[in-house]
Amino acid sequence: MGSWREIIEGIAENGEYGAARLVRDPRRKGGWTLLVEEVQQSYVDMENPAHLFFEYTRRLGSVVDAAFPEGEPIRVLHLGGGAFTMPRYVAATRPGSEQLVVERDRRLAAFVQRILPLPPEAGIDLLFGDARETVAELDAGSYDLIIGDVYDAAQMPESVSDVDFAAAVARLLAPGGVYALNVADLAPLAFSRAQGATLRTAFADLCLIVRPELLRGRRFGNVVFACAVEPDRLPIARLAALAGRDRQPAQVVTGTNLDLLMEGAQPVHRQP
């Protein structure tokens, strides 16, 4: 388990974009939390990578599990690496998957891999660079699943939140592909509503997964979008079942309810 000093204070490193710490979970063997600038970013269970501790990762995992059969390999692009929670999850639940992780902080990635190494047989490749620039350069139709989890501390950068970026992501999806996006927000969900309007410019099928308390304006939290270029691609009933069974139950907002939530919201256009 390591020393108590290590458990409490963690193992620290200065990344290119902020100070990082990896802290052991004293309650779970193999559990680690990554903090960047003292903001919790990722949780990894090295003994069971399919265990998703943070709520937003379970929402992303529900999109993966609802949209793609367990055990069948898929091609995945991860925008944002952190401690590689979701790549580890995909590798554990869908062995043989081809995965590319785009991460801008080379020193952070090296630090994480030094303490929490990626399994060499996992099929996870790293590409260091800016998410927007990288998405523009990758081949069209190359991925079954794209997961967006790009953050600067606790905020989603403008560079990955506008209509042009949404269109660039849609271009990379293979037929039947799905884009899952993690958004942090608080009442009255102004950022999420704008993101919904933005995503609708590029995706015909769209839903969001959210805790009822956040919808009612009672807490800060995460909203996860699931998007597809083709109409009626998303398995809404299965998503709703998985979200409802979670230990922190969520609801899936789609159709008329989504129209009402996003009423008046405008797509985001990046400032020149």
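Trainee: What counts as a polar contact here?
Mentor: A pair of N or O atoms within 3.5 Å; within protein, one must be able to donate a hydrogen and the other to accept it, and residues adjacent in sequence count only if both atoms are side-chain atoms. At the start of α4 there's one: a side-chain oxygen of aspartate 105 comes to within 3.2 Å of the backbone nitrogen of arginine 107.

Trainee: What sort of model is this?
Mentor: A predicted one, where local features need pLDDT of at least 70 and side-chain atom pairs count only at pLDDT 80 or more, while totals for chains, interfaces and linings use all residues. Residues are numbered from 1 along each chain as its sequence is written, and side-chain values use heavy atoms, with hydrogens and water left out.

Trainee: OK, how many helices and strands does the chain have?
Mentor: There are 10 helices and 12 strands. Those are DSSP runs numbered from the N terminus: helices are H or I with at least four residues, strands E with at least two.

Trainee: Back to α4. Which of its residues are buried?
Mentor: In α4, residues 106-115, they're Leu108, Ala109, Phe111 and Val112. Seen down the helix axis, these buried residues fall within an arc of 160°, so they line one face of α4. The arc is taken from the directions from the axis to the C-beta atoms.

Trainee: You mentioned β6. What's glutamine 99 doing in terms of accessibility?
Mentor: Glutamine 99 sits in strand β6, and it counts as buried because its relative accessibility is 2%.
Mentor: Leu77, Leu79, Ile146, Tyr179, Leu199, Phe203 and Phe225, in a core of 38 residues. α6 gives the most to this core, with six residues. A nonpolar core is a set of buried Ala, Val, Leu, Ile, Met, Phe, Trp, Tyr and Cys residues joined through side-chain atoms within 4.5 Å.

Trainee: What is isoleucine 146 in contact with?
Mentor: Leaving aside neighbours within four places in sequence, the contacts of isoleucine 146 include Leu77, Leu79, Val169 and Tyr179. There's also a second, separate core of 30 residues, which includes Leu52, Phe68, Val178 and Leu239.

Trainee: And α7, how many of its residues are buried?
Mentor: Seven of the 10, so α7 (residues 190-199) is largely enclosed by the rest of the structure. Among the buried ones are Ser192, Gln195 and Leu199. Their cover includes α6, β9, β10 and β11.

Trainee: Since β10 came up, is cysteine 207 buried or exposed?
Mentor: Cysteine 207, in strand β10, is buried, with a relative accessible area of 0%. The C-alpha atoms of cysteine 207 and alanine 226 are separated by 5.5 Å, though the two are 19 residues apart along the chain.

Trainee: Last one: what share of the whole chain is buried?
Mentor: Buried residues make up 53% of the 272.

Notes:
Buried < 20%, exposed > 50% of the residue type's maximum accessible area, 1.4 Å probe, protein only. Contact = heavy atoms within 4.5 Å.
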